[in-house]
Amino acid sequence: MTVWERLRPYSMVAPAIIVFAMFFIYPIFYMMYLSLFDWNFVSPTKTFVGIQNFVDLLSEPDFRQVLSNTTLYTVLTVTLTTGLSLFMAIWLNRSGFFYGLVQGAIFSPHIISLVSISLLWSWLMDPEYGLLNWVIGLFGFGKLEWLSHPSTSLISLVIVAVWKGLGYNTLVFIAGLQSIPQDIYEAASLDRSRPWTTFTRLILPMLSPTIFFLVIINLIGSFQVFETIAIMTQGGPVNSTNTLVYYIYEAGFRFFKIGYASAAGVILLFIVGILTIVYFRLLSSRVHYR
Amino acid sequence: MFKKKIALLTLSAVMTGMLAGCGGGAEKAAGGETAEAAAAKPDKKIVIKYWYAFGDKIEEAKQHMVQTFNESQDKIEVVAEHQGNYDDLHAKVQAAFAAGDAPAVTDLEIASTGVFAHSGMLEDLTSYAEKDKDQLKLDDFIPGLMGNAYVDDKLYGLPFMRSTPIMYKNVTMLKDAGLDPSGPKTWDEFEQYSKVLKEKGKLGMTVPVDIWFYEALVAQSGGTMLSEDGKKATFNDAAGVAPVDFWKRLVNEGLIKMPVGDEAGDTADKDWANQISAFKFASTAGVAQSLEIAKGNGFELETAFMPANKDYGVPTGGCQLVMTSKSSAEEKAAAWEFMKWMTSQENTIYQHKHVGYLPTRTSAVESEELKEHFTQYPQYKVAVDQLKYARPRPMENGYPEVAKIVRDAIQKAIIDPKTTPQQALDEAAAKSDKLLGK
């Protein structure tokens with residue numbers, strides 16, 4: 001083996017590795033480093049404060065609320081998106097003009113920029129002048145506050161996220177459904193399996209790799225939620241929609257506390273790292289692989 | 001088994017990377033704003049960047065002045081770039097500065113002058129002003145606007161598009177309700193007016209929970225936001241609680257509406273434009289636009305001082321022009337020329353008439369051109385007169401965060417029947433003291 005032959009595979013992956021190291025590995029370590037300092041990103045002096053940023057963070061009631069907001073948002077978004085899109089997929093998994101049209105319609109939000117969607121929904125949900133309250137009013141119901149009240153703001157954001165994610169998830173589920181071999185269905189119908197049994201004992205297990213994939217993807221997406229919050233609520237009212245990533249952004253760029261923001265970033269990294277491992281451990285044992 | 005483990009590791013690394021990329025990466029992201037299209041030109045023209053906030057008439061005015069400057073001489077080319085609102089602008093300037101790519105000149109909202117100056121991001125302009133004092137005439141700037149220009153006795157900014165909040169009145173609505181259109185001049189009168197308007201099925205005012213308006217009402221009640229040394233919050237004193245008590249009472253009686261949330265400011269403008277509410281608080285920067293709205297919707301508009309509690313009082317606001325500290329000497333010289341141009345008597349008159357921001361120079365206020373303008377459109381003059389009662393905004397490093405804490409506290413006090421204004425503000429003060437004490 002010549003030297004070149006030995007080096008060749010490494011040189012092939014080098015570009016990817018270098019980019020990965022520059023934009024993922026290095027920032028992670030730099031963030032960990034910064035989390036130990038009190039710094040505003042521009043001043044010439046960094047003050048080493050040890051773990052003070054973490055102590056401050058964990059004793060800050062706002063941060064605890066941010067964590068619970070993020071968790072609630074993630075759980076609601078992931079369950080609703082996955083559940084609804086599975087339902088839609090089973091309904092739409094047939095041919096015909098109408099079904100194609102519905103599928104196209106619910107997929108369209110996926111290709112629209114999230115910023116436009118946020119602006120659009122801000123108008124729709126406007127408590128005074130919004131279309132949603134007007135429609136509700138037609139049915140004789142009172143106005144909803146939507147984004148303008150702490151009790152409804154987070155769920156309003158969940159609605160937007162579900163609406164945005166539904167089409168894509170449905171599409172993936174339909175692909176999953178269509179990859180289930182026809183003969184299994186035939187076997188089931190020969191055994192006179194009831195629809196519900198077919199669903200729980202056949203479709204769900206055969207679909208579990210797809211479900212698993214979507215849950216993970218949605219989980220990551222929801223944890224990262226930022227655009228809708230930055231545009232629609234800025235974390236308000238009264239901190240009710242402030243989530244981790246927005247909190248980090250706010251601390252770093254609105255209040256110039258880079259050390260503190262980095263500490264929050266490290267906590268985010270930690271939580272997601274744990275979640276990822278747990279998910280893989282837990283779900284990989286139950287996922288059906290063919 | 002081994003393969004699976006590797007896959008697991010890689011996947012978790014990628015995923016945490018994706019997420020962390022958003023946390024840590026966001027800090028880097030905004031640094032990439034390079035738009036030095038003209039930098040490659042071979043001629044000697046110095047190209048500097050100028051970043052500004054806001055669109056519409058404000059952007060028109062800024063672009064127009066930059067264009068005129070570029071045409072007026074052939075040594076300096078200013079590239080003006082829009083960067084969103086003040087918060088966006090500040091975040092981008094900070095990131096660009098860290099990346100070594102800051103604009104030579106930028107707008108800076110006055111309350112943030114302290115943070116930026118303390119971080120070493122701003123060029124000390126004292127010596128520039130000294131050298132050019134005959135041309136610059138620093139004394140000519142209205143003294144009430146200079147409070148936020150100095151940090152630790154050094155000059156860091158030149159007053160540019162400066163404002164105070166004023167009260168906009170729909171006079172037609174007042175007359176229809178049988179009210180004297182010259183009022184209301186005090187909080188009590190404001191309440192009386194609102195009661196009458198409510199009987200007519202209208203609202204006194206739609207007003208967002210805005211730190212700037214709150215600062216004004218605290219000033220009107222004779223209080224301050226922070227202690228003299230800036231180390232302690234004082235907005236939970238009686239004078240700071242009074243505005244929130246007042247607001248909460250009026251909201252509960254249905255006399256005014258205080259929407260919360262991101263769209264609150266827009267809602268307030270719309271309610272006023274659609275003649276649902278008779279008054280609005282807004283920056284004097286909106287005079288030109290509001291006059292157009294009033295004309296379009298067929299009502300008569302007048303502006304007035306914000307009503308007094310113990311006395312009149314308002315914070316000033318808006319932005320000044322600052323120079324960043326890391327540019328080359330050549331760029332700094334060019335930036336200084338540009339800043340002098342933008343804040344000249346001629347240009348301050350122009351931007352005042354085009355947008356409604358304050359004329360920043362005494363000579364401008366006293367000029368024949370503006371005297372005539374004020375007679376024709378007295379709506380523009382109110383903010384100038386109100387400057388007598390104006391005070392600077394707090395500039396402590398922690399103030400942007402304090403402002404957010406206070407806003408949340410006021411919202412909570414108004415939304416939540418169980419929280420009294422005093423409780424909410426006490427809580428906010430305790431949080432703020434921790435930030436300010438640092």
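Predicted model: local features only at pLDDT ≥ 70, side-chain atom pairs only at ≥ 80, totals over all residues.

Reply: Residues are numbered from 1 along each chain as its sequence is written, chains are lettered from A and ligands numbered from 1 in the order in which they are written, and side-chain values use heavy atoms, with hydrogens and water left out.

Me: Why is the pair of W121(A) and W163(A) called edge-to-face?

Reply: Rings of Phe, Tyr and Trp (its six-membered ring) pair if their centres lie within 6.5 Å, and planes under 30 degrees apart count as stacked, over 60 as edge-to-face and the rest as tilted. The centres of W121(A) and W163(A) are 5.3 Å apart and their planes make 70°, so the pair is edge-to-face. W121(A) lies in helix α5 (residues 114–124) of chain A and W163(A) in helix α7 (residues 150–178), so the pair ties together parts that are 42 residues apart in sequence; helices here are DSSP runs of H or I with at least four residues, strands are runs of E with at least two, and both are numbered from the N terminus.

Me: What makes W121(A) buried and W163(A) partly exposed?

Reply: Buried means under 20% relative accessible area, exposed over 50%, and partly exposed in between (1.4 Å probe, protein chains only). W121(A) has 9% and therefore counts as buried, whereas W163(A), at 31%, is partly exposed.

Me: Why is the pair of Y193(B) and F279(B) called tilted?

Reply: Their centres are 6.4 Å apart with 45° between the planes, so this pair of Y193(B) and F279(B) is tilted. Y193(B) belongs to helix α9 (residues 187–199) of chain B and F279(B) to strand β10 (residues 277–283) of chain B, so parts 86 residues apart in sequence are tied together.

Me: How do you know that R361(B) lies over the face of F141(B)?

Reply: A charge sits over a ring if NZ of Lys or CZ of Arg is within 6 Å of the ring centre and within 35 degrees of the ring normal. R361(B) lies over the face of F141(B) at 4.1 Å from the ring centre, and K131(B) lies over the face of Y128(B) at 5.5 Å.

Me: What makes D62(A) and K431(B) a salt bridge?

Reply: The term asks for a side-chain nitrogen of Lys or Arg within 4 Å of a carboxyl oxygen of Asp or Glu. The closest N and O atoms of D62(A) and K431(B) are 3.2 Å apart, so the pair qualifies; the count between chain A and chain B is six salt bridges.

Me: How many residues does each chain bring to the contact?

Reply: Chain A brings 50 residues and chain B 47 residues, where contact means heavy atoms within 4.5 Å.
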